[in-house]
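This briefing goes through one protein model by topic. Please look at the sequence and the structure before reading the points below.

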Amino acid sequence: TITDLKATQPDDKSLNDVSLFIKANGKLWKDTLRNRNVAFYNGLKNLEKSQFYEEYLRMNPPFIPRNCREKTYGNHTEGNTEWTTIKEERETQNVQHAIKKMVAMARIHQDKINEADARIRETFKHLPEEQQRNIKAAWENEVKAGESASRASWKTHQEFF
C-alpha cells in the first residue's frame, strides 16, 4: 500500500534537479503514481457505470443488468403476475443497491488518490520552495498523462455498456 512506502532523503541538500529527486525516490514515485493511476481508473469506471445503471432504471420498462436479475425458482413463472411484480421490485432494488455500491467504491478510490498526492507532497516538503514547485509540476504532468491514459482505456471499455 501507499503508506508502507518510505521516502529516501537525498544526501545532497542542494538537490536542484527534479530528475535527481525522482531518481533518489524512484520506487516511491513509481509505486505511488501506479497506485494513483489504478485508483483513478477504478473510480472513473465506478462512477461511469453507476450513471449507466441510473439511465437503465429510467428506461420504460427499466433495463436490469444481468448481475442484478432475480432467478426464477420452481413454479414461479412469468405468467404469475404476483411473482413478476415481486421480481421486478427486487431487481430494481438490486440495481439501486449496485449504484450505491459503485458510488461508495468511487469515494474509496478518491481517498486513495488523495492519499497518493499527500504521500508525494510529504516527500518533498523539506526542500526549498522552488524545488517543491518543480517537483509538484513534474508530478502533475505525470498524473495528467496517467489520467488521460485511464480515460482513453475506459472509452474502449465503455462501448460495452
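Tyr 53, Tyr 56 and Phe 63 form a cluster that is linked by ring pairs. The model they belong to is predicted.

**Aromatic rings**
- In total, the structure contains four aromatic pairs.
- The ring centres of Tyr 56 and Phe 63 lie 5.0 Å apart, and their planes stand at 75°. An angle over 60 degrees counts as edge-to-face, so this pair is edge-to-face.
- A pair of aromatic rings is described by two values, the distance of the centres and the angle of the planes.
- Is Tyr 56 buried or exposed? Tyr 56 has a relative accessibility of 11%; the limit for buried is under 20%, so Tyr 56 counts as buried.
- Phe 63 has a relative accessible area of 37%. This value falls between the limits of 20% and 50%, so Phe 63 is partly exposed.

**Nonpolar cores**
- The largest nonpolar core is made of 15 residues. Tyr 53, Cys 68, Val 95, Ala 98 and Trp 154 have the most contacts inside this core.
- Two elements, α2 (26-58) and α3 (81-124), each give two or more residues to this core.
- The largest share comes from α2, with seven residues.

**Packing of α3 and α4**
- Two packed helices are described by the angle between their axes and the distance between the axes.
- Helix α4 covers residues 129-158, and its axis comes within 10 Å of the axis of α3. The two axes cross at roughly 150°.
- Angles over 145 degrees count as roughly antiparallel, so α3 is roughly antiparallel to α4.
- The crossing of α3 past α4 is right-handed.
- On the α3 side, Ala 116, Asp 117, Ile 120 and Phe 124 take part in the meeting of the helices. On the α4 side, their partners are Gln 132, Ile 135, Lys 136 and Trp 139.

**The chain as a whole**
- The protein chain has four helices and zero strands, and its pattern along the sequence is α-α-α-α.
- The chain has 161 residues, of which 36% count as buried.
- Among contacts in the chain with a separation of 6 or more, 72% are between residues 24 or more positions apart.

Conventions: Residues are numbered from 1 along each chain as its sequence is written. This is a predicted model: local features need pLDDT of at least 70, side-chain atom pairs count only at pLDDT 80 or more; totals for chains, interfaces and linings use all residues. Side-chain values use heavy atoms; hydrogens and water are left out. A nonpolar core is a set of buried Ala, Val, Leu, Ile, Met, Phe, Trp, Tyr and Cys residues joined through side-chain atoms within 4.5 Å. Buried means under 20% relative accessible area, exposed over 50%, partly exposed in between (1.4 Å probe, protein chains only). Rings of Phe, Tyr and Trp (its six-membered ring) pair if their centres lie within 6.5 Å; planes under 30 degrees apart count as stacked, over 60 as edge-to-face and the rest as tilted. Axes are lines fitted to C-alpha atoms, for helices over the stretch in contact, and angles run from 0 to 180 degrees between N-to-C directions. Angles under 35 degrees count as roughly parallel, over 145 as roughly antiparallel, 65 to 115 as roughly perpendicular and the rest as oblique. A crossing is left-handed if the near helix is turned anticlockwise from the far one by less than a right angle, and right-handed if clockwise. Contact means heavy atoms within 4.5 Å.
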